[in-house]
Amino acid sequence: MPTALITGATAGLGRSFAEALAREGHRLVLVARSETALKETADELRASYGTESEVLAADLATDEGCAAVCSRLGAEPAVDLLVNNAGIGYERPFLNNGPRAEERLLDLNVRAVLRLTEAALTAMTARRRGQVLNVASVAGIGPSWLSSTYPASKAWVISFTESLAWSRQVRDAGIRMTALLPGYTRTEFHRRAGIPTTFPPPWLWLDADQVVRTALRDLRRGKVVSVPSLRYKAATWALRHLPRPLTRQGAWDISAHQHR
């Protein structure tokens, strides 16, 4: 029975990953800050799918939280799939947040991803098998209207994943790595960040379960970058290939619309 470790597993895409993998028969290691929420999630997964889950309460924005999860990634039963899903974003623009808040975002969105990936790959390369899925964002591709460190943090996740996925250390060990780039997805993320969901229009919003199905399919097919839905594939192509001044103007127009 394969084992999957999922961070941010009690809500949003993390919860959808947990349900999808439980349905497939994975053993789960669920990671989040709240032990109460973790136990509730584990009980619900057991009732729905007969899945036994380990729960590991850890704040991945801290050294102690990262160390606890890294220790589990090197322990038995071996983790076959790491899903780095935990992350935060802010509704307010960069200068309104203060450096401590922005550093916490980087600790969770970047530093924790680095540390957990390193721990997972150390164990996986020794076994010569394993998979790592890092949740990034379409916002990491080009200029963004979020006016915060969030897009830069997700750009790092994309580059980090692509760099490692094509390295000889990873490829020669038969390990697959994928960066998931969802667009607007209906989860608790926006509510928790205080980001309004009245924009964009409904047709641009994705379903969390479909995003997860696409991500797992692409990971198993060996795709290094997974972009769910044709509309966001088109948006990603445009952000990568259109002239930078044009994409910056589009980001400015969207930002103006959001903050009316």
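Ala, Val, Leu, Ile, Met, Phe, Trp, Tyr, Cys and Pro count here as nonpolar; Asp, Glu, Lys and Arg count as charged; the others, Gly among them, count as polar. By these classes, the lining of the largest cavity has six nonpolar residues, three polar ones and no charged ones. The model is a predicted one.

The lining residues are Thr 7, Leu 60, Asn 84, Asn 85, Ala 86, Leu 108, Ala 112, Val 113 and Leu 116. Helix α5, residues 99-127, gives the most to this lining, with four residues. The largest cavity holds about 40 Å³ of space. One cavity of 30 Å³ or more is counted.

Now the sheet. It is open and has seven strands, in the order β3-β2-β1-β4-β5-β6-β7. The pairing is parallel. At the edges are β3 (53-57) and β7 (225-226), each of which pairs on one side only. Strand β2, residues 27-32, pairs with β3 in the parallel sense over five bridges. Val 29 has Glu 54 of β3 as its bridge partner.

| Helix | Strands | Angle |
|---|---|---|
| α2 (residues 35-49) | touches β2 and β3 | about 170° with β3 |
| α5 | lies across β1 (3-7), β4 (81-84), β5 (131-135) and β6 (176-180) | about 175° to β4 |

Helix α2 packs on the sheet at β2 and β3. Helix α5 lies across β1, β4, β5 and β6, and gives four residues to the lining of the largest cavity.

Definitions and conventions. Residues are numbered from 1 along each chain as its sequence is written. This is a predicted model: local features need pLDDT of at least 70, side-chain atom pairs count only at pLDDT 80 or more; totals for chains, interfaces and linings use all residues. Side-chain values use heavy atoms; hydrogens and water are left out. On a 1 Å grid over the protein atoms alone, a cavity is a set of points where a 1.4 Å probe fits but cannot get out, and a pocket is an open set with protein on both sides within 12 Å along at least five of seven lines; lining residues have an atom within 4 Å of a point. Grid points are joined across faces, edges and corners, and a volume is the space filled by probe spheres set on the points. Helices (H or I, at least four residues) and strands (E, at least two) are DSSP runs, numbered from the N terminus. Two strands pair if DSSP finds at least two bridges between them. Contact means heavy atoms within 4.5 Å. Axes are lines fitted to C-alpha atoms, for helices over the stretch in contact, and angles run from 0 to 180 degrees between N-to-C directions.
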